[in-house]
Amino acid sequence: MRHEAPVQMAAPQDTKFSQKESSDQNFDYMFKLLIIGNSSVGKTSFLFRYADDAFTSAFVSTVGIDFKVKTVYKNEKRIKLQIWDTAGQERYRTITTAYYRGAMGFLLMYDITNEESFNAVQDWSTQIKTYSWDNAQVILAGNKCDMEDERVISTERGKQLAEQLGFEFFETSAKDNINVKQTFEQLVDIICDRMSESLETNPAVTAGKPNTKLTENPPPLQEPNCGC
């Protein structure tokens, strides 16, 4: 019997970036995040826009699973985001669901110009509940909102479904860079909030100034106290 290739760990053009970032152990927390949804909803473009601030329409369908790493800061804590881009095709479902375990957050994406991708959201939500841990946080994203002339899923329908599933909701566009950063920041903030509610978790990442914003810039170096 013929088997599919196991897993594509990183795109060739990204190997240097991924190896360097993955080997960096200097962080306070690491959050594993997954982007899931039907094929061609824009998951790969969304990840590249967030991680590299780049966009191209020339992406081919992801084979298996791919990932990028991005470092952000909150309350002077360094948080390493390991963001996995999963294949949407059914034939890779066994591979991708194996990565759900241990994920702290999911970005569940549909295409506002594709009714089928929207109808599949419920099934993807069920997979999250089946294969991930109970406290995994989810944001529903209606992608390609730049294609207003081709819209078939209204914003209101997206909001209603998100409310029904208990998820927060954004409409996004990787092409026009609409709500890309905001979506990831909100997901990380939700995870941090849940961490602070856990008695078993050190709440240092959420301690300090209230409503501290996530940032990509490291905190300023503290001046040493002079005992002169």
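## Rings, cores and charges in a predicted model

A search for aromatic pairs gives a count of seven. Here rings of Phe, Tyr and Trp (its six-membered ring) pair if their centres lie within 6.5 Å; planes under 30 degrees apart count as stacked, over 60 as edge-to-face and the rest as tilted. This is a predicted model: local features need pLDDT of at least 70, side-chain atom pairs count only at pLDDT 80 or more, and totals for chains, interfaces and linings use all residues. Residues are numbered from 1 along each chain as its sequence is written, and side-chain values use heavy atoms, with hydrogens and water left out.

**Aromatic rings**

Phe67 and Trp84 form a tilted pair, 4.8 Å centre to centre with 35° between the planes. Phe67 lies in strand E2 and Trp84 in strand E3 (residues 77–86), so the pair ties together parts that are 17 residues apart in sequence. Helices (H or I, at least four residues) and strands (E, at least two) are DSSP runs, numbered from the N terminus. Phe67 is buried, with a relative accessible area of 8%. Trp84 is buried too, at 6%. Buried means under 20% relative accessible area, exposed over 50%, partly exposed in between (1.4 Å probe, protein chains only).

Ring pairs also link Phe46, Tyr50 and Phe184 into a cluster. Lysines meet rings as well. The charged end of Lys68 sits over the ring of Phe48, 4.5 Å from its centre. The charged end of Lys70 sits over the ring of Tyr50, 5.1 Å from its centre. A charge sits over a ring if NZ of Lys or CZ of Arg is within 6 Å of the ring centre and within 35 degrees of the ring normal.

Phe46, Phe48 and Tyr50 are among the buried residues of helix H2. H2 (residues 43–52) is mostly covered: nine of its ten residues are buried. Just after H2, Asp53 takes a positive phi of about 50°.

**Two nonpolar cores**

A nonpolar core is a set of buried Ala, Val, Leu, Ile, Met, Phe, Trp, Tyr and Cys residues joined through side-chain atoms within 4.5 Å. The largest has 28 residues. Leu34, Ile36, Phe106, Leu108, Tyr110 and Leu140 have the most contacts inside it. At least two residues of this core come from each of strand E1 (29–36), strand E2 (65–74), strand E4 (105–111), H5, strand E5 (137–143) and helix H6 (155–165). A second, separate core of 27 residues includes Ile35, Phe46, Leu47 and Ile191.

What does Ile36 touch beyond its neighbours within four places in sequence? Ile36 is in contact with Lys43, Thr86, Tyr100, Phe106, Leu107, Leu108, Met109, Trp124 and Ile128. Contact means heavy atoms within 4.5 Å.

Leu33 is in strand E1. At 1% relative accessibility, Leu33 counts as buried. With neighbours within four places again left aside, its contacts are Leu81, Gln82, Ile83, Trp84, Gly105, Phe184, Leu187 and Ile191. The C-alpha atoms of Leu33 and Tyr99 are separated by 9.8 Å, with the two 66 residues apart along the chain.

**Helix H5**

In H5 (residues 121–131), Val121, Trp124, Ser125, Gln127 and Ile128 are buried. Seen down the axis of H5, these buried residues fall within an arc of 155°, so they line one face of the helix. The arc is that of the directions from the helix axis to the C-beta atoms. On the other side of H5, Asp123, Lys129 and Thr130 are exposed.

**Salt bridges**

Side chains of opposite charge can pair when their charged atoms come close. A salt bridge is a side-chain nitrogen of Lys or Arg within 4 Å of a carboxyl oxygen of Asp or Glu. The whole structure holds seven. The table includes some of them.

| Salt bridge | N to O distance |
|---|---|
| Lys74 and Asp189 | 3.2 Å |
| Glu148 and Arg151 | 2.8 Å |
| Glu171 and Arg151 | 2.8 Å |

Lys74 in strand E2 and Asp189 in helix H7 (residues 180–197) are 115 residues apart, so their pair links distant parts of the chain. Both Lys74 and Asp189 are buried.

Glu171 lies in strand E6 (residues 168–171) and Arg151 in the loop between E5 and H6, so this pair ties together parts that are 20 residues apart in sequence. At 13% relative accessibility, Glu171 counts as buried. Glu148, at 45%, counts as partly exposed. Salt bridges that share partners join Glu148, Arg151 and Glu171 into one network.
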